[in-house]
Amino acid sequence: MLADEYAAVPKNYQHALSLVFAVKEVNKNSKILLNITLGFQIYDSYFNARMTYQNTLNLVSSHEKTVPNYKCGAEKNLIAVIGGLDSETSIYMDSILSCYKIPQVTYSAAVSAKQHISSLYQMAPSEADQYNGIVRLLLYFQWMWVGVFVTADNKGEMFVKTLTHQFSLNEICAASIERLPSASHFFNIFEVMEKCQGVAISLSKINVNVFVVNADTYTMKFLQWILIAGVMSGVAINKVWVMTADWDFSSETFHRDLDIQNFHGALSFAIHSSEVKGFHSFLLNLNPHSEADGFIRFFWEQAFGCQFLDVETEEESCSGEEKLESLPGAFFEMQMTSQSYSIYNAVYAVAHALHAMFASRTKQREVVLGDYLRPQKPHHFQLQSFLRSISFNNSAGDIVSFNENGELENGFDIINWLTFPNKSFLRVKVGKMDSQAPLGRDFSINEKIIRWHQSFNQVVPLALCNNHCHPGYSRQRKEGEPFCCYDCVPCPEGKISNQTDMNDCFQCQEDQYPNQERNQCIPKKENFLSYEAPLGISLALLALAFSATTALVFGIFIKHQKTPIVKANNRNLTYTLLISLLLCFLCSLLFIGQPQIPTCYLRQTAFGIIFSVAVSSVLAKTLTVVLAFMATKPGSKMRKWVGKRFSTSIVLGCASVQASICIVWLCTDPPFPDVDMHSLPEEVIVECNEGSANMFYYLLGYMGLLALVSFVVAFFARKLPDTFNEAKFITFSMLVFCSVWLSFVPTYLSTKGKYMVAVEIFSILASSAGTLGCIFFPKCYIIVFKPELNSKEQLKKRNK
C-alpha cells in the first residue's frame, strides 16, 4: 500500500479523461467516420518495462487471454496506439507494435530513438528544437554558468551529452551535473532519502542559480524528494528551474504537503496548447458513482484523501460530491494541460487518417460506393501513409500535421510558473519557440511579465562564474578553470571592446581611433595646415609680410636704379633675384590649405625652380664680382666673360637643370593628394604624397649644391675691394641659406602632418628672408638713410 500511495499521480488521470473526451467528440461528429465508432482501452505502464511489455501484448491479444497471433474469443480491431508519458514507454511498446505494423502516436515531448522508429508519430515538435530553445533561453538571459539535473540512466546521459555539446558551441558551461538515482532505486525509500539529502545540502552551497532539468517523470519525482529533504535539513534551495517540455506540475499523493513555493518563477517549455471548448464542462460532470472507466474511483480516493464506503477504512469516506475544482493544481487542473492536449490531437489525428483512408477507397473505386456506408474492417497497416500526410484544424483552431520525420509541425510555448501559498499555481505564457517561423521570429520572449523567485527580488538572476567584463576589457581565461571562468583585462593600446564579455579587443577602422576608456571608436580629425588654424594664419601673414618687404625693396631699387650703388651690383641680376625672392615667399602659400592635385603638382616644383633661379642669381652675382676684379688686371683675358650674357647664361643654365629634374619627376612619379591613417593615432593626415621621394631629395640636393658653390666662391671673394664687392653679404646669405636647409632635413623627417608642412614653409621663409636681409638690407640702408654715401666720390673714397 505504501508503494501504491506514493507512486500514484492523480493529475495524470486527466490524460485518460482527454482520451475519453476526444473519442466521444469524434463519435458524435457526423463529418468524421460516418457509421464508424471508435473504442479504446487504457492500460497503465507502472513505470515498469515488464508491465509495459505485458500490457502491449494485451492490446494485440483477445479480450480473454494474452495470446498474441491467435484469433480466439472476442476479437479486437486495433488500429493505432496512443502511448507513452515518457519516451522509454513508447520505445518499449514499439518493439512489439512494429512487428504488427501498428502505428503509435506518442505524446511524449522527446523520443531519443525516434529516427530509428518509422511507425512512431510524435505529437510534439522535434527534440532538437527543444535543445535549441533551451540554449536560446539561456543566452537571452546571459545565463552562462548553469547546472543540469538528470537521472543516472541512458536517457539522462544522452540528455547531458547532447546538451553539453550545445553548451560548448554557445560558450555556456555546465557548472554542475547532478545525476539522480535511476527508476530502479525509486522504491528504496531509505536510499532515496539519503541521496536526496546529500544533494539538497550540496545545492544550498553551490554558487549556481540556474538549473536545467530533464523533466521526465523520474527526475521530477526525485527533485520533489530533494526539496523535501532540504526542508527536513533546514537548508534553503532557491534556484531558477528551467524544465523541458515533459514536465507538468504534478505531485504524488505522498507529496500532498510539499511546499510548491520552491518552483515559483520556474521556466519550462511546453507543447503548444489551446483551450478546448467543452472540456471544462466535461470535467464538472464527472461522477465517481456513474462512471465506470476503472480509474475514477482510485483517482478520487487518491486526490481527495478519502475511501468509498464499500471499503473498510478508518479514513474519511468519499461521498462522490467532492468538487474537482477545489483540488490544488498539482493534483488536478480543470484546464486541459499540454500533455492532455497532445492526446486530444492524437485521437483526432487517428480519426482523420481513418477518414482519409475510407475516402480514398471510395475515390479509387476499390469497393462499391455503398460499401462506404457499410465500410469494411480497416487494417492498421494501411493507416500509416494516411497518418503521415494528415493535416487538419482541430476544434481550438490549431493546425495539426506531421513533418517528414513524423514530428508535430508546431512550436514550444515558454511558460513562467507562479505559485501561491495555498498550493495553487498559474501558468503564464511568456514566449514561444517555433523553428517553422522566419528567422528572427523563431524565438520570442516577453521579459517584462516574468516573475522570479522571491529570493532574487524580481531582478533577472545572474548565472555567471564571475562578473561580466565591461566594454573596454576583454576576457582572459583562468588557468585550470572552465572557459566560463575568466579575468577581465584592459584592452591594449590602440584596441577597443564595445560589448560585454568580448574574447578579444579589436582595432578600430583606419579612419577611427579608440577613446580614453577604449570602449568606442571616434572618427579621426583631418590634419592639414589650414588658413583657419593659428599656425596657418601666422605663416601666411609672415609670407605676405616678407613678400611686401621684397616688393618694397624692389620698388626702392627701381626708383634709385641710376644711383651708383644699384648700378655697381648688376641691376638685371638684382631684379631677377628680388623677383625670385618675391615668388619664393609667395610659393609658400601653396603649402597652406587642403592638398589638391594642382597644388600638389606645384608645391615642390615651383619652390625648387624659383629657389634655383634665386640661388643661381646669387651665384651669377658672385662670379660677376670675381670676373670683374680679375678683368681689371693688365692683359687679362677675362674681360670677354664680363657682361650680361654671362650672368644670364648662369641663371638660365642652372635653372634649366632644376626644371629638367622637375619635368622628369612630374612625368614619372608625380606628387598626388593622399591620406596617412597611421602616423598620428587620433588624426588623418591629408597630405601631398611626394610620389618619388628620391626626386624630391634630388631637387633639394641640387639646390643645396648651388648654394654651396655660391658660398664657397663668395667666401674666397669676400676680401676683394668694396667698390665692386658684395661677396661678404653673399657669403653671409649663403651661410644662412645652407644652415636653414641643413637643419631642415632632420627636422622635416622627424615631424608629422601639418607640422611637417610648417617646417618646410618656415625653411622657405627663413632662407629667403636671410638672403633678402643679408644682401639687400645694407644697400637699402645706404639708399634710404645715407644717400650721401650713394655717390661715385664716396665709393672711390671708401675704396682708397
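Me: What is a nonpolar core, and which residues have the most contacts inside the largest one here?

Reply: A nonpolar core is a set of buried Ala, Val, Leu, Ile, Met, Phe, Trp, Tyr and Cys residues joined through side-chain atoms within 4.5 Å. Buried means under 20% relative accessible area, exposed over 50%, and partly exposed in between (1.4 Å probe, protein chains only). As a general idea, nonpolar side chains tend to be buried together in soluble globular proteins. In this structure the largest nonpolar core has 73 residues, and W143, F149 and W241 are those with the most contacts inside it. Helix 8 (residues 217–233) gives the most to this core, with eight residues. Helices (H or I, at least four residues) and strands (E, at least two) are DSSP runs, numbered from the N terminus. Another core, of 69 residues, lies apart from it; W665, A707, W741 and I764 are among its members.

A word on the model: it is predicted, so local features need pLDDT of at least 70 and side-chain atom pairs count only at pLDDT 80 or more, while totals for chains, interfaces and linings use all residues. Residues are numbered from 1 along each chain as its sequence is written, and side-chain values use heavy atoms, with hydrogens and water left out.

Me: Which residues does F149 touch?

Reply: Contact means heavy atoms within 4.5 Å. Not counting residues up to four places away in sequence, F149 touches a list including L180, V199, F211, L223, I226 and W241.

Me: How should I read a salt bridge, and how many does the structure hold?

Reply: Side chains of opposite charge can pair when their charged atoms come close. The criterion is a side-chain nitrogen of Lys or Arg within 4 Å of a carboxyl oxygen of Asp or Glu. The structure holds 13 salt bridges. In one of them, R136 and D442 meet at 3.3 Å, N to O. R136 lies in helix 5 (residues 127–140) and D442 in the loop between strand 12 (425–433) and strand 13 (443–445), so the pair ties together parts that are 306 residues apart in sequence. R136 is partly exposed at 26% relative accessibility, and D442 is buried at 11%. There is also a network of salt bridges that links K11, D248, E333 and R427.

Me: How many disulfides are found, and how is the handedness of C306 and C318 read?

Reply: A disulfide is a covalent bond between the sulfur atoms of two cysteines. Here the sulfur atoms must be within 2.5 Å. The search of the whole structure finds seven. C306 and C318 have their sulfur atoms 1.7 Å apart, and the torsion about their S-S bond is about 105 degrees, so this disulfide is right-handed. Both cysteines, C306 and C318, are buried. For C508 and C521, the sulfur atoms are 2.0 Å apart, and with -90 degrees about the S-S bond the link is left-handed.

Me: In what order do the three strands of the open sheet lie?

Reply: Strands of a sheet pair through backbone hydrogen bonds, either parallel or antiparallel. Two strands pair if DSSP finds at least two bridges between them. In this open sheet the order is 20-22-21, with mixed pairing. Strand 20 (525–527) and strand 21 (672–676) are the edge strands, each pairing on one side only. Strand 20 runs parallel to strand 22 (residues 683–689), and three bridges join the two. E526 has V684 of strand 22 as its bridge partner.
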